[in-house]
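Dear colleague,

My notes on it follow directly after.

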Amino acid sequence: MALSGIEIYKLLPASSKNPEVKKHANCKECGFPTCLAFAMKLSQKQAELAQCPYVEEESKNKLEASAAPPIRLITVSANGHKVEVGNETVLFRHEKTFYHQPGLFVRIKDTQADAADVAKAVGQYGVEYVGMDLRLDGLVVEAAGGDFGATVAAVKEASSLPVILLADDPTTAESGLKAASGTQPLLWAATPDNWEAMAKLAAQYKAPLVVRIEGGDVSALAELAEKVKEAGVEDIVLDPGIRDYSSSLTVFTQLRRLALKQNQRKVGYPLIAFAGDDPVLAGQHIAKYGGFIVLDQFSPGTAYPLLVMRANIYTDPQKPIQVQPGVYEINNPSPGDPLMVTTNFSITYFAVANELESSGLPSWLLVADAEGMSVLTAWAAGKFDAERIAKSVNTTEIADKLNHKRLVIPGHVAVLMGELEEELPGWEISVGPREAVDLPNYLKAHWG
């Protein structure tokens, strides 16, 4: 049960009866002026217990128990690939951040002749997006009347991705668990009719278990999850049994709120969602609390926008996506080729680099450390000014690689031209276009 700020305060050094601990009361080493202020931040999950090194062991155990994430962390893995879902602490990304992005899994039926081929294609699929390698996370093998164990074995052989086993018959499920030996699959599903046998299997094979109720009955789902937990299964995933837009949005949000806002541990588990062939529904589940998301078909055209959407939502809003500052060589430049400067915000960098690469023009791209901000944002914040640009030029020693001293700055910061000429004596500063798409034509017209 979560503790209030006052209850936490009573466990901190300021309230200790041990003189050796008490002397550290309000020491400010945690970054807050008093123990009470630190306690309030802990209760709001805006501080970490590790920030105070003087908490007594007994108090630490109580605080760690109360501070446990309201949604349990569930892991499925295979051959070095791991999907972790859970440990979320907020309803909305801007409140803090989301920690573990949902896993995107592709369904394969045990009646498919091409099961191994599909598994291989899913495992090999990957795209690059603003410096990130985006990939699908796993495969779902469904018992549909074929040889379940053999299909699981074939999928395991063809791909190194984790698997979800869709089989509500205990005997069939066990054949899949045996075939998946050496991995940690997710087992679907314990129902009111089979939960005892499925819980026994999950405990025996140390596999996380999906608990499923038809119709989105939250109370019944919580009760069944509690029964499964009492049977010895700690790692649980919830399936409310609904597949449409409205009901799934309502129930998924309700379960998330119960776990986070009311600290209802009975529903404090990740959710599994089935999107069928509908990428829009899959997108809803990415945005609204799906933990494991099952797609019925593999299509690069569907996978790409879902992966990009997930990447955008599950980046830390307090830490912009950024690339390493430094000098980047585009199309094998020579000493006489143009030098441009931009910020280290990933989207800005890749917009510029992609335009230059596709044009075939050899270029030098100087990326200045602007703390991950875009050009205009960084300029407004004082993170992309003449002094910083000049420092980048000097520290990278780019002049040693060139036979000229000409630097092209983004058109949005043309105002820096005069200041840069003062900071970089002997350099010719040119103002480039405002948009990256206009760079190739600009260079063809102005560089020679």
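In this predicted model, arginine 107 and glutamate 142 form a salt bridge, with their closest N and O atoms 2.9 Å apart. The two residues come from distant parts of the chain, arginine 107 lying in strand E3 and glutamate 142 in strand E6, 35 residues apart. Both arginine 107 and glutamate 142 are buried.

Arginine 107 also forms a salt bridge with aspartate 296, where the closest N and O atoms are 2.8 Å apart. This pair again links distant parts of the chain, since aspartate 296 sits in the loop between E12 and helix H12 (300–313), 189 residues away from arginine 107 in strand E3. Are the two partners buried or partly exposed? Aspartate 296 has a relative accessible area of 24% and is therefore partly exposed, because the buried class requires a value under 20%. Arginine 107, at 15%, is buried.

A further salt bridge joins the side chains of aspartate 239 and arginine 212 at 3.5 Å, N to O. Aspartate 239 belongs to strand E10 and arginine 212 to strand E9 (residues 209–212), and the two are 27 residues apart. Aspartate 239 is buried, with a relative accessibility of 0%, and arginine 212 is buried at 16%. Through shared partners, salt bridges connect Arg212, Glu214, Asp239 and Arg243 in one network. The count of salt bridges comes to 14.

The strands named above belong to the following sheet. Eight strands form an open sheet with parallel pairing, in the order E10-E9-E8-E7-E6-E3-E12-E11. Strand E10 (236–239) and strand E11 (272–276) are the edge strands, each pairing on one side only. From one strand to the next, the twist averages 25°. Within the sheet, strand E7 (residues 163–166) and strand E8 (residues 186–190) run parallel and are joined by three bridges; leucine 166 stands opposite tryptophan 188 in E8.

Helix H6 (residues 148–158) lies across strand E3 (103–109), strand E6 (138–142) and E7, and runs at about 165° to E6. Helix H11 (residues 279–287) lies across E3, E11 and strand E12 (292–295), at about 160° to E11.

Methionine 40 is found in helix H3 (residues 35–43) and is partly exposed, with a relative accessible area of 31%.

With kind regards

Conventions
Residues are numbered from 1 along each chain as its sequence is written. This is a predicted model: local features need pLDDT of at least 70, side-chain atom pairs count only at pLDDT 80 or more; totals for chains, interfaces and linings use all residues. Side-chain values use heavy atoms; hydrogens and water are left out. Helices (H or I, at least four residues) and strands (E, at least two) are DSSP runs, numbered from the N terminus. Buried means under 20% relative accessible area, exposed over 50%, partly exposed in between (1.4 Å probe, protein chains only). Two strands pair if DSSP finds at least two bridges between them. Axes are lines fitted to C-alpha atoms, for helices over the stretch in contact, and angles run from 0 to 180 degrees between N-to-C directions. Contact means heavy atoms within 4.5 Å. A salt bridge is a side-chain nitrogen of Lys or Arg within 4 Å of a carboxyl oxygen of Asp or Glu.
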